[in-house]
Number of protein chains: 4
Amino acid sequence: MKRFQWGMIGGGKGAFIGGAHRVAAKIANSFELVGGVFDIDFERAKEFAAQENIDLKRVYPDIDSFIRGELSLPATDRITVVTIVTPNYLHYDHAKKLLRNGFHVICEKPVTLTSAEALELKELVEKNKLVFALTHTYTGYPMVREMKRRIEAGDIGSLQRVDAQYLQGWINPIIHGGEAKLAVWRLDPKVAGISSCMGDIGVHAFNMIEYATGLKVKKVLAVLNALKPENPLDLDGNVLLGFDENLTGVIRSSQIATGEENNLQISVYGTTGGFHWEQENPNVLKMFHEGAPYEIITPGYGYLTPFAQESHVLPPGHPEGIYEAFGNLYKGAAKAIRGEETVPGQFPGIDDGVRGMLFIESAVKSNTEGNVWVSL
Amino acid sequence: MKRFQWGMIGGGKGAFIGGAHRVAAKIANSFELVGGVFDIDFERAKEFAAQENIDLKRVYPDIDSFIRGELSLPATDRITVVTIVTPNYLHYDHAKKLLRNGFHVICEKPVTLTSAEALELKELVEKNKLVFALTHTYTGYPMVREMKRRIEAGDIGSLQRVDAQYLQGWINPIIHGGEAKLAVWRLDPKVAGISSCMGDIGVHAFNMIEYATGLKVKKVLAVLNALKPENPLDLDGNVLLGFDENLTGVIRSSQIATGEENNLQISVYGTTGGFHWEQENPNVLKMFHEGAPYEIITPGYGYLTPFAQESHVLPPGHPEGIYEAFGNLYKGAAKAIRGEETVPGQFPGIDDGVRGMLFIESAVKSNTEGNVWVSL
Amino acid sequence: MKRFQWGMIGGGKGAFIGGAHRVAAKIANSFELVGGVFDIDFERAKEFAAQENIDLKRVYPDIDSFIRGELSLPATDRITVVTIVTPNYLHYDHAKKLLRNGFHVICEKPVTLTSAEALELKELVEKNKLVFALTHTYTGYPMVREMKRRIEAGDIGSLQRVDAQYLQGWINPIIHGGEAKLAVWRLDPKVAGISSCMGDIGVHAFNMIEYATGLKVKKVLAVLNALKPENPLDLDGNVLLGFDENLTGVIRSSQIATGEENNLQISVYGTTGGFHWEQENPNVLKMFHEGAPYEIITPGYGYLTPFAQESHVLPPGHPEGIYEAFGNLYKGAAKAIRGEETVPGQFPGIDDGVRGMLFIESAVKSNTEGNVWVSL
Amino acid sequence: MKRFQWGMIGGGKGAFIGGAHRVAAKIANSFELVGGVFDIDFERAKEFAAQENIDLKRVYPDIDSFIRGELSLPATDRITVVTIVTPNYLHYDHAKKLLRNGFHVICEKPVTLTSAEALELKELVEKNKLVFALTHTYTGYPMVREMKRRIEAGDIGSLQRVDAQYLQGWINPIIHGGEAKLAVWRLDPKVAGISSCMGDIGVHAFNMIEYATGLKVKKVLAVLNALKPENPLDLDGNVLLGFDENLTGVIRSSQIATGEENNLQISVYGTTGGFHWEQENPNVLKMFHEGAPYEIITPGYGYLTPFAQESHVLPPGHPEGIYEAFGNLYKGAAKAIRGEETVPGQFPGIDDGVRGMLFIESAVKSNTEGNVWVSL
């Protein structure tokens, strides 16, 4: 099976998320890393390339030389798909240039700093008929996909309540410890955008809700907390959700929930049943039934939906983890790039990026304007 | 040890909550049930009394004859403490009459239908120097008490985030099943008051937050859901909480979270640690620490706070349950009635009742007025 | 409903297990404590009686005066059922005297020090047509009873594997800490019998297996561990089980599993499904199914077997605990004493006592003789 | 960083374990699959190679041609390390030939069919100074490694009890379902060796015990169950363990524990603490302490031992799974092949293979001879 020539912008030495993308790409078995702009420090970029056995000729100092260089190669020898794992504020510029020049893009979230930028990218993606995958990794877990398909099939009836949380504690020691905060780029609005907590993790919870339920959030009402007056960005907050349907929803998110690691959870309740899923133990899906005991659904069985089955390789009880979820997104993107048929939910795309930016902007606006409803 | 002559208003045949109070009173070992108004149907009341070996002379048809009858007895032979387990709308009248006539009162929540009524009772309690215990049962669990004491002691630093949920699903089949809804008195505003979900269970989550943290909620912003237009009361909702301190809080509550049983949970995060507790597995208290693994704290150990130790009798690993938590409230009330010293948090009282009514009223008002902040 | 005049031998001040019996009896609502031999120290016995509002005339210094005294009363004013909660070595003598004189008996386990003694009691019970209840408390949990009934009904097919454990750590600090070991009567063979770990807790695991599966263990092969040469009794061990059926079984038990509290568990696997239950979270029953997700069964539902339904009073999600399990045995004994119909498994009796003693003796013999199979 | 030219014997199309090795090798980032004997069907082997972009010249029909072909290449262009993932009965022959010809070997377990064969391989490994890694995958989990290091450091004192289980149910439907059993090679002694349950999974539990505790099992006493007389191999069993130290140990293992997936667990108790770990939720390590609450240890923290830290890449709460554990073994093997310093426990080797075979042989012998102790 042909592997794509694959490039990366960012993600060189010491970037854990870059490493995660590389493992995901390997698991997907369709990508060969052959070049990129791995670091703003060109020497470090070359060191990284050497370590990864990448031809130094295809290590570029910046995005423009990358595009120039690759386009100068014959079409068959050229990088065709590029992953962007730079700090948030660079996503837009990099993605725009890549899309304009015909590269497929796999991009870390949040897709841009504003929804306007995201909409611009959307236009480019559609005009140039390119694949754009946004790595909302958690949608790659097999049990999330099982939940999505079962909700679509009406297995829990009409939805009545949606609850999601994303709790972390890692900023707690930084915010209290007197560390140089600018060093933490997520707390710097110029780099991270208008929100830390909602922009970095709340948006994952938002995406998980829209992904799992198939519903669209119409409006939000947010209370955000920056903890200290000198801190420009939110570190914590609760966001009420409004839908067309007669149901309530809420997202709770924090980066100062001391001791929490990466505690993303979703609960969905319908007229005939419900679901509960936790990211930290991702191979367990709790399914509630009206009038019967709840079930624990796990991966690897023939009775699961095809989508969940194809999202887990090993037999039951062999815990695949976050890299494999990530790999499922890369597998989906690869199918799309090859022009194969994909199924709904195969990987998040530019539309999810636009939705996410609208969520972040609306939540910040709601908070700024005194906790009022703001439409997405 | 002297046992109090004890009476009940309500709680006769077929009333599960009445039975729970009797077990709690027995566990507390200080109450002897000798009379009461057990049922609006006097015949049934007498049947119940016979079954419980209660002297039929002390079975009364209504509250007024109860008071008259007991007061006609010599002071030493008289019921001194009375438990009220009637439907919500009767609490106020019954409690007022009992307090006016010198009886100590143990009352189911919500204490009344309005905060004005609760304030009236508060005045009576204070004027007549009587004990008034409100059975927010969950505050009787040893691990809740351990959490409370540790937060008081500063073990998790200053609070940053408070999260509570109370999810049930039992109204789901009723609301969808075409059952005669009036038969469900909790859905009838005349009987239940202005709120079903917040009035019945949200108020427990509210009380748990104020109990565990020692903080007072200053204002709320609520979105409530009655699910169907013909249903006058909320069955589900989310309530954002405002405090003086710089922290966020939220209560999520539902009676239509299909498949959920009685899922009360609280999470509290401070600058140096946090707690997580779940009512359905009540002997487990998760304690987070900044920079160290989290601990699982369980009852029965000498290293626990005295309050938690006295709230659990058996050795570690012998699961005491909700009756024992309930019994702890009765034990606390008995100490207070005997004039013994009690510790803070020994049992919820009329102040908790007032706070609860303010919460319910404010939440409903916030929802009615378009999801705005309403001060308590 | 008539309450039995009820007596206790042992279980006075400071005896936690005595207190547990009293709470259980209260929950059962059919027993009134009116006399007994509460303590070997008669003064302490009287103090206890005063505290419990018991007529001092019915506080006796020893078993013989107890029997004499009660028999001197008119039959209708007499204690009819007696609970024995003395140290193990006294059970036999006390039970024998009580049974010979026509008292129903509720007895702590192990029933006696030898199977010969247990068989003698069995003869007496049968001859005198008395009720004898042995408090293997864990059989009173509703989810254990649900498991039993479902196995009986063939819901998991023919059994293939049975696994039980009972792990505690409480003797660990004693055995290593240089405490006066004789003070711990369980380590003294004269008081505790020939086994500590198997006699005290292994026998519970054994009883749980026979109770839940309905099978009889035919032979055992044991390896026991006393940890230190100077310690006469086992503190830990593993016992292989032989059955008529083609299945394997094992009991693992320890009092030196450091950090374990009261960790009794059972797993049973059949041809079409299986069960897993844990005492420390007793309201959760895991049911495995061949070819389908496993279910979590909890109490309080109408779809449960009648036996499980009658063994749990409150609605789902209100955790009843070990006292309530205990109370279920007392309720069962009360039914039997009243001559009402009981169902199989309502309470463990003298046959369970005989079986338990055979288990303990066989396990010790197997260990002494070099880990060979010994028939029960 | 130089990647090794890597070959595989077995593991082509449709072999899930072969795929797992390839993912592990990719995660280890030091292996490039360039050739092998992928299938006994040479056409299928070539199809597989084409799919993996492997030069067809290096696809060989059998082990001998593989060795001949690779040795004919210049040393620097040659495969240097080979993974064996053939059915059990072929491991010995393949490993012997590879080791004799100077190839490093990574081998699936059980290493051979007999301990004599394993000892032969050991001699070859030592004589030729080659790396031999045996993929007892579960030793690659970071929390297993943390447990190992803490036990080594004396963090739980002297060991008193060791308990391990490995429960699966996958053979249950086969054994009862009338499927052609010979198709299941694990049930065919010619292919699988003298044991199914102990040979396939019991040996993992055995290895886990020796790995985590650092102790050597001296003798075993086994009861095995083949369920049906016509079935030549054990499907279930319990194995008592004897050590030099004064401690008890037991391995429980089953392939007919209906509904169990891949439930490997280990519990170790010492004088001052204990550990409990479960493979199906591998990022949670429970640590017991005498006289203090137990802790939940999870990966990704700076306070863990260096070995656990280097065995987990992502921040806390990002669940790495079995592929990553597998990858840790490949990373360890790569270090050893490069001649870098490795730490104890970096990967299981031929000594573990010999120990495993001794365990399997001794367990089967103990069972055959009537459940007597057999020395390893």
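In this predicted model, chains C and D meet through 36 residues of chain C and 36 residues of chain D. On the chain C side, quite a list of elements gives two or more residues each to the contact with chain D: strands E6 (159-167), E7 (219-225), E8 (236-242), E9 (248-254), E10 (263-270), E11 (273-278) and E12 (285-289), along with helix H7 (171-177).

Next comes the pairing of chains B and C. Here the contact takes 29 residues from chain B and 29 residues from chain C. Two helices of chain B, H1 (16-28) and H11 (322-337), are the elements that give two or more residues to the side touching chain C. H1(B) supplies the largest share of that side, with six residues. Sorted by class, the chain B side of the contact with chain C has 13 nonpolar, ten polar and six charged residues.

The B and C copies are also related by symmetry. Turning one by 180 degrees, with 0.0 Å of shift along the rotation axis, superposes chain B on chain C with an RMSD of 0.0 Å. The two copies are thus related as by a two-fold rotation axis. Within chain B, B:Gly321 has the C-alpha nearest that axis, 2.3 Å away from it. The interface tells a matching story: 100% of the interface residues of chain B are interface residues in chain C too, so the two copies meet through the same surface.

Now for a single chain. Chain A has twelve helices and 14 strands. Its C-alpha atoms fill a box of roughly 65 × 55 × 40 Å along the principal axes. A compact globule of 376 residues would have a radius of gyration near 21 Å, and chain A, at 21 Å, agrees with that.

Between them, 18 residues of domain 1 of chain A are in contact with 19 residues of domain 2 of chain A. On the domain 1 side of chain A, helix H4 (88-100), helix H5 and strand E5 (132-134) are the elements giving two or more residues to the contact with domain 2. H5(A) makes the largest share of that side, six residues. By class, the domain 1 side of chain A that touches domain 2 comprises eleven nonpolar, five polar and two charged residues.

H5(A) also features in a helix pair. The axes of H5 (residues 115-128) and H12 (residues 350-368) of chain A come within 8 Å and cross at roughly 170 degrees. That angle makes H5(A) roughly antiparallel to H12(A). From H5(A), the contact is made by A:Ser115, A:Ala118, A:Leu119, A:Leu121, A:Lys122 and A:Val125, while H12(A) brings A:Ile350, A:Asp351, A:Gly353, A:Val354, A:Met357, A:Leu358 and A:Glu361. In this contact of H5(A) with H12(A), eight residues are nonpolar, two are polar and three are charged.

Notes. Residues are numbered from 1 along each chain as its sequence is written. Chains are lettered from A and ligands numbered from 1 in the order in which they are written. This is a predicted model: local features need pLDDT of at least 70, side-chain atom pairs count only at pLDDT 80 or more; totals for chains, interfaces and linings use all residues. Copies are superposed by least squares on the C-alpha atoms of residues with pLDDT of at least 70 in both. Two residues are in contact if their C-beta atoms, placed from the backbone, lie within 7 Å. Axes are lines fitted to C-alpha atoms, for helices over the stretch in contact, and angles run from 0 to 180 degrees between N-to-C directions. Helices (H or I, at least four residues) and strands (E, at least two) are DSSP runs, numbered from the N terminus. Angles under 35 degrees count as roughly parallel, over 145 as roughly antiparallel, 65 to 115 as roughly perpendicular and the rest as oblique. Ala, Val, Leu, Ile, Met, Phe, Trp, Tyr, Cys and Pro count as nonpolar, Asp, Glu, Lys and Arg as charged, and the others, Gly among them, as polar. The radius of gyration is taken over C-alpha atoms; the globule rule is 2.2 Å times the number of residues to the power 0.38.
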